[in-house]
Amino acid sequence: MHPDKLAFGSYSKAFITDVPADLTSPEALHFKNTIRRFADEAIYIYSFKENKMLYADGWEDLLGYADNEISMLTIVNITAPEYAPFSNELNDKALMFLHNKYIGDEPYSFTIELKKIHKNGTPVPLISKVGVFTTEQGKVTSIIGHSQKNESIKFGNVMRYAAYGPEKSEFEEELNKQLFRYYAISEKEKDALSLVAEGYSFKEIAARFGVSQSAIEKRILPMYKRFNVKSLTHLISFAFANHILP
């Protein structure tokens with residue numbers, strides 16, 4: 001079936017399993033000795049080639065799951081219900097983009113702020129980053145994920161995400177286009193909107209970012225329809241009310 005015909009979330013779910021990592025394997029022990037983990041952070045490495053977790057560390061402290069039981073499917077399925085549709089579709093569209101690109105060693109990744117459900121049933125606010133870990137002949141073979149608890153996140157009705165990579169503009173614009181119908185905002189859109197809130201004109205913002213004025217207009221004006229606002233003043237008020245802007 002063509003990816004666009006799949007239900008939201010089912011494209012990426014077709015590539016993940018419920019198989020946890022064997023933490024006694026030489027590969028997992030190598031990762032344990034070479035990958036740094038910060039406080040309040042959990043890490044995983046998932047192989048599309050082997051269809052299983054290769055490594056997991058920190059998940060019991062973060063979400064209550066032992067490192068040798070956490071699976072990729074579990075991580076996807078414990079997203080809080082109010083964030084699951086957007087998170088699943090973001091995973092889908094990001095993976096579709098990467099599957100259609102010759103990747104090489106380019107550091108493509110995306111971040112998202114969301115809540116996961118702890119094994120004990122309580123919500124945990126996280127900043128999660130997922131990136132390409134290994135490739136073969138231009139195809140992604142494994143990804144690495146970092147999730148860190150952040151109690152300072154103020155959640156509103158708008159999902160916040162960002163895309164990174166050598167073709168960041170293309171990656172982020174593709175995600176924006178695909179996710180337009182959601183209450184969501186990219187980091188690039190947020191950066192431009194924050195300058196609008198400070199009183200800068202579109203022309204001044206364009207000069208600051210080294211892009212055309214029309215490029216800035218394309219970042220700001222679509223938000224009118226997305227968030228159902230009628231003016232810049234209304235858009236800025238909406239952004240503060242929904243914790244898009246501090």
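Select F227 and F238 to begin: both residues are buried, a term for under 20% relative accessible area with a 1.4 Å probe and protein chains only. This is a predicted model, in which local features need pLDDT of at least 70 and side-chain atom pairs count only at pLDDT 80 or more, while totals for chains, interfaces and linings use all residues. Residues are numbered from 1 along each chain as its sequence is written, and side-chain values use heavy atoms, with hydrogens and water left out.

The ring centres of F227 and F238 lie 4.8 Å apart with the planes at 20°, so this pair is stacked; rings of Phe, Tyr and Trp (its six-membered ring) pair if their centres lie within 6.5 Å, and planes under 30 degrees apart count as stacked, over 60 as edge-to-face and the rest as tilted. F227 belongs to helix α10 (residues 222-227) and F238 to helix α11, so the pair ties together parts eleven residues apart in sequence; helices here are DSSP runs (H or I, at least four residues) and strands likewise (E, at least two), numbered from the N terminus.

Next, select helix α7 (residues 187-197) together with helix α11 (residues 232-241), which pack at an angle of about 115° with their axes 10 Å apart. The contact, meaning heavy atoms within 4.5 Å, is made by L193, V196 and A197 of α7 and by L232, L235, I236, A239 and F240 of α11.

Finally, display Y11, F15, Y46 and F48, which ring pairs link into a cluster.

Key: Axes fitted to C-alpha atoms, helices over the stretch in contact; angles between N-to-C directions. Buried < 20%, exposed > 50% of the residue type's maximum accessible area, 1.4 Å probe, protein only.
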